[in-house]
Amino acid sequence: MNPPDPSTPEGTAIPGSDAGQADGESLPAAVRRPVPAHHAAESADAPAADGPAVLVRDLNAFYGSNHAIRGVTIDYRANHVTAMIGPSGCGKSTVLRCINRMHEEIPGAYATGKIMLDAQDVYASDVDVVAVRRSIGMVFQKPNPFPTMSIYDNVAAGIRLTGTKGHDLDERVERSLRGAGLWDEVKDRLGEAGLGLSGGQQQRLCIARTIAVEPEVILMDEPCSALDPIATLKIEELIAELKERYTIVIVTHNMQQAARVADHTGFFLLGELVEFAVTENIFQNQRDSKTEEYVTGKFG
Amino acid sequence: MEAGTLPRGGRSSLERSPRARLPDRLMRYGLLGLALAVLALLVVFFFILVSDSQDVFAKQGVVGFLFDNDWNPSRDQFGALPLVVGTVITSALALVIGVPIAIATALFITELAPARGRTVLTTLVELLAAVPSVVYGLWGVFVLIPNLKPATQWFADTFSFLPFVGGTVAGPNYFIAGLILAIMILPIVSAISREVISTVPPDHKEAALALGATRWEMIRMAVLPYSRAGITGGAMLGLGRAIGETIAVTLVIGNATTIGKQIFDQGYSLAAVIANEFGEASSDPLHRSALLAAGLVLFILTLVVNGIARGFVVRSERKQKVTSLAVTEAEA
Amino acid sequence: MSALAAISPRRRRVDRAARGTVFALTLVALVPLVLVVYYLLLKGLGAISVDFFTQDPTGNFLGNPGGIKSALLGTLELVALASAMAIPVGIGVAVWLVEYGRTGRLASIVRFFIDVLTGVPSIVFGLFIYITLVLTGFLDGSFAGWKGSAALALLMLPVVARAGEVVLNLVPDGLRESALALGAPRWRVITRVVLPTALPGLVTGSLLAVARAMGETAPLIFTAQATLATSFDLNRRMNSLPIQIFSDIQNPKAEIVQRAWGSALTLVALILIITLVARFVAARRSTLTA
């Protein structure tokens, strides 16, 4: 876990990076991704770049005529974990699903606004949703490995389904399983059914499947709410490792979890972003009374 | 694509070539085309059937065709009343005999039978549906008719004061046809009744039992009223099936072109006439058009009956949803 | 009066009588099944022999009536072709309904028409094909096996489509979402995730449609008609078990009637085997899902 960043939220003026570009002009990929020493196979080390990976500007989302998300503007900083918390129905999951454009898969649902990923607006008219989702992965609340596939095939599914050629499939499957912290547990039974794993293992399998496609951002929609505490702990540790290579956005109804894993936290209420700050400040130094009431348990 | 070395910025990464989008389009519109083709096919068939039956309607008029009691192909007479009456009588008999038994099996399986017997009984009832129509016809001709003759003759003699009962029992007759139809519709009426009865909310039933009702009283108070719409729908689906059943009926109804006076007389039906007279009609366009007209009437009849049936079934499903909604609201 | 008053004997009697009646009626329902099976075995087994399956019906009124080879093979050919027509189309329509049409108005209309199709009497399907493919002199206006298959396919189509829709709806949405979220195009989600997951159910539905089609006589009367000789030419008339039975029933000769019983036994056995396989596949599916 990173120590809380003392700078103000919204990613302005981070000392040491040549970013400071809050509106997300593109930087070469190698520069934006800090490469920890033990990932020796990766390419050149680079200075940590903390510019935002995803910028959301004035997002409005609708379910038919129901105006569910109102004017949300938020930055998700690269290689950090950002949590979204709030009571049931506050819209945090909806915001998450807008980022990878899963929201519009619901009949009658749509969204307006801009969401920038690497200087491209994912809502631009010539953008293909399928390509967006290859760059932005998602882990769901209920672990759902594909039931007809083995562990190996599940991890490879992402690669095969996106149509990319898999000539080094074995290698990539192993890498993904290692990245999800599951390799040691399953390396001798890759051919077994994915459904034969425990809940926590299934969820890590889904994470492995997601990172096999090599996205930049991983969205997590209450990934631990269906798991027991030990499995939850394992996933939280995994998140701490994953953020070195990916940008993580996590929706959670468990405030303590947000406090444990997230660098930044946004508090949502009734479809609006009420407050966004460094996690420590959300929990101890709130600026909005509603935030204070929520985190102290007065409602929600 | 290797980690960290693929250029991620730039326009191209978030677009897909039109060629890649093609399979999606193909699948979506190809499948839609398939669905629409099925629709179009049905509509086309209907219209051709209507147009090809025009000849006989031109000669007899629609009302004449349906209500003239004179079916005599050799004299170019095509009043189909005997056929219509036969269809009505046999279907009515099928309902009267089959529906109560079907409801009884449904009640027994869902409410009264021990859990282990349920699957066995269900399978056995479903097996009745696996027997093809022609086999029921075979069995009807060589087993049912000869073996039931004494019993039905006794019934006709003893109860001849009842309307439509009496006289000499013909070999094949309305009653046997109705009986076989009852057997054939039993599986579907039973299946739907079972489905409906098993979705009666347990609290209804528990409330009745808690009041001290006997098992049968509970069924009468809580289960049957709740399931009425669904069971009616099931019965109507059975009716639709009985109306259209051809082969078994034509083998055991006698194919007589006059309207019988009692249920043990020979008769005819709309479906039976088509199967029976097709051979001789192939060279006579007017006769053929009459058979097609019979088919058209059959089609429309089953359409109407099945439509009504579906209305009942939908109503029963909606009631079930409302009930469960009310329960969840009450619990919230 | 004791605190726990017993219920009146009349109520108890009514309860017992009613329950007895329900039980009795249930047994009555099973009597035809027992009798049909009994007579099929009693009268049909005697006809079964090697010759029965290896000889064609001779059409002779005197002497040896022959076997049912052409009828048996004909049924297999006709139903195989009908399945090839109906199953892909039925599954395709079901896929469109579940994956694309969903709750829209067009989907409701399609569902309505499929419902209509399920209620059409089988003889009307025969008529449909007759008036469009035979009467009109299509190709050469003759009776042909493939036209019989077309009529059977019309019959099978709504069964496959309905069962397919039910089964595809059972595939959890979470699977589709996961696949879409990985960046898979929708057609791949359908072919690589949804259909394989639903496969056992689709097989069951298709097999039940096949079992149904095997027993149908009426649609074949004026489409495939009948011949006596074994034929593999689906462009000519073709014999089939139901048609052969139907014709034999109306023949007064005892050997021919016995052949009818033997054919009926064969037909029912075939249908039962397919139904059992279908149930087996369905049962296996429920043990696979976690």
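Visitor: Is B:Phe161 buried or exposed?
Guide: In this predicted model, B:Phe161 is exposed, because its relative accessible area is 63% and the cut-off for exposed is over 50%.

Visitor: And where is B:Phe161 found?
Guide: B:Phe161 is found in chain B, in the loop that runs between helix 6 (133-158) and helix 7 (174-198).

Visitor: Okay, which residues make the nonpolar surface patch?
Guide: That patch is made by B:Phe161 together with B:Trp154, B:Phe155 and B:Leu162, and its area is about 450 Å².

Visitor: Switching to charge, which residues form the positive surface patch?
Guide: The positive patch brings together residues of two chains, with B:Arg220 from chain B and C:Arg10, C:Arg12, C:Arg13 and C:Arg16 from chain C.

Visitor: Which helix gives the largest share of it?
Guide: Helix 1 of chain C, covering residues 9-44, gives the largest share of the positive patch, with 4 residues.

Visitor: What about B:Arg220, where is that one found, and how does it count for accessibility?
Guide: B:Arg220 is found in helix 9 of chain B, which covers residues 215-244, and it counts as partly exposed because its relative accessibility is 49%, where exposed would need over 50%.

Visitor: New topic: which residues have a positive phi although they are not glycine?
Guide: Among them are B:Asp76, with a phi of about 60 degrees, and B:Asn255, with a phi of about 55 degrees.

Visitor: Where are those two found?
Guide: B:Asp76 is found in the chain B loop between strand 1 (71-72) and strand 2 (77-78), while B:Asn255 is found in the chain B loop between helix 10 (247-252) and helix 11 (270-281).

Definitions and conventions
Residues numbered from 1 in each chain as written. Chains lettered and ligands numbered in written order. Predicted model: local features only at pLDDT ≥ 70, side-chain atom pairs only at ≥ 80, totals over all residues. Heavy atoms only, no water. Patch = residues over 30% accessible without salt bridge, like charges linked within 9 Å, V, L, I, M, F, W, Y side chains within 5 Å. Areas by Shrake-Rupley, 256 points an atom, 1.4 Å probe, with all protein chains shown as cover. Salt bridge = Lys/Arg side-chain N within 4 Å of Asp/Glu carboxyl O. Lys, Arg positive; Asp, Glu negative; His and termini not counted. Charge placed at Lys NZ, Arg CZ, Asp CG, Glu CD. Buried < 20%, exposed > 50% of the residue type's maximum accessible area, 1.4 Å probe, protein only.
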